[in-house]
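Hi,

Here is the structure I said I would pass on. Have a look at it first, and my notes follow below.

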Amino acid sequence: MPKPDPAVIASQIEQLPFELFEPIFEALSFRDVIALAKYAGANSRLAAALETSPKWRDIWPTYKANEEDFQTLVS
């Protein structure tokens with residue numbers, strides 16, 4: 001089975017009600033979040049949710065400051 005495309009998944013998450021984002025984030029690994037973040041536009045609902053997520057908000061500023069390095073890791 002082929003690995004799901006993070007761009008497609010990010011787009012699908014964007015279409016969900018905001019209250020469903022956090023339960024999804026709870027199930028994701030750090031690598032999964034970094035892969036999705038690549039496709040989260042700067043002003044997207046997904047980026048805003050990751051920035052305020054109880055699970056990911058402490059990591060988000062570090063990710064944004066080193067975005068290119070993190071994206072290299074998941075490529």
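Which residues line the largest cavity? They are Phe30, Val33, Ile34, Trp56, Ile59, Trp60 and Tyr63. Before I go on, some housekeeping: this is a predicted model, where local features need pLDDT of at least 70, side-chain atom pairs count only at pLDDT 80 or more, and totals for chains, interfaces and linings use all residues. Residues are numbered from 1 along each chain as its sequence is written, and side-chain values use heavy atoms, with hydrogens and water left out.

Back to that cavity. The search ran on a 1 Å grid over the protein atoms alone: a cavity is a set of points where a 1.4 Å probe fits but cannot get out, a pocket is an open set with protein on both sides within 12 Å along at least five of seven lines, and lining residues have an atom within 4 Å of a point. Across the whole structure, 1 cavity of 30 Å³ or more turns up. The largest cavity holds about 40 Å³ of space (a volume is the space filled by probe spheres set on the points, which are joined across faces, edges and corners). Its lining has 7 nonpolar residues, with no polar and no charged ones (Ala, Val, Leu, Ile, Met, Phe, Trp, Tyr, Cys and Pro count as nonpolar, Asp, Glu, Lys and Arg as charged, and the others, Gly among them, as polar). H3 and H5 each supply at least two lining residues, and the largest share, 3 residues, comes from H3. Helices here are DSSP runs (H or I, at least four residues; strands are E, at least two), numbered from the N terminus.

Next, the largest pocket, with about 300 Å³ of space. It is lined by 14 residues, and the closest to its centre are Lys3, Pro4, Pro6, Asp32 and Ala35. H1, H3 and helix H6 (67–74) each give two or more residues to this lining, and H3 provides the largest share, 4 residues. By class, the pocket lining splits into 8 nonpolar, 2 polar and 4 charged residues.

In soluble globular proteins, nonpolar side chains tend to be buried together. Here the largest nonpolar core has 18 residues, and Phe25, Leu46, Leu50, Trp60 and Tyr63 are those with the most contacts inside it. Two or more core residues come from each of helix H1 (6–14), helix H2 (21–27), helix H3 (30–37), helix H4 (45–52) and helix H5 (60–65). (A nonpolar core is a set of buried Ala, Val, Leu, Ile, Met, Phe, Trp, Tyr and Cys residues joined through side-chain atoms within 4.5 Å.) Not counting residues up to four places away in sequence, Phe25 touches Leu46, Ala49, Leu50, Ser53, Lys55 and Trp56 (contact means heavy atoms within 4.5 Å).

- Glu14 lies in helix H1 and counts as buried because its relative accessibility is 18% (buried is under 20% relative accessible area, exposed over 50%, partly exposed in between, with a 1.4 Å probe and protein chains only). Leaving aside neighbours within four places in sequence, Glu14 is in contact with Phe21, Ser44, Arg45 and Leu46.
- Leu20 sits in the loop between H1 and H2 and, at 40% relative accessibility, is partly exposed. Leu20 and Ala49 are 29 residues apart in sequence and 10 Å apart in space, C-alpha to C-alpha.
- Thr72 is in helix H6 and, at 56% relative accessibility, is exposed.

Lastly, the record: an unreviewed UniProt entry carries the annotation "domain: F-box" over residues 10–59 (positions are in the numbering used here, feature names are shortened, and annotations may be inferred rather than shown by experiment). Over residues 10–59 the chain is 56% helix and 0% strand, with the end C-alpha atoms 19 Å apart.

Cheers
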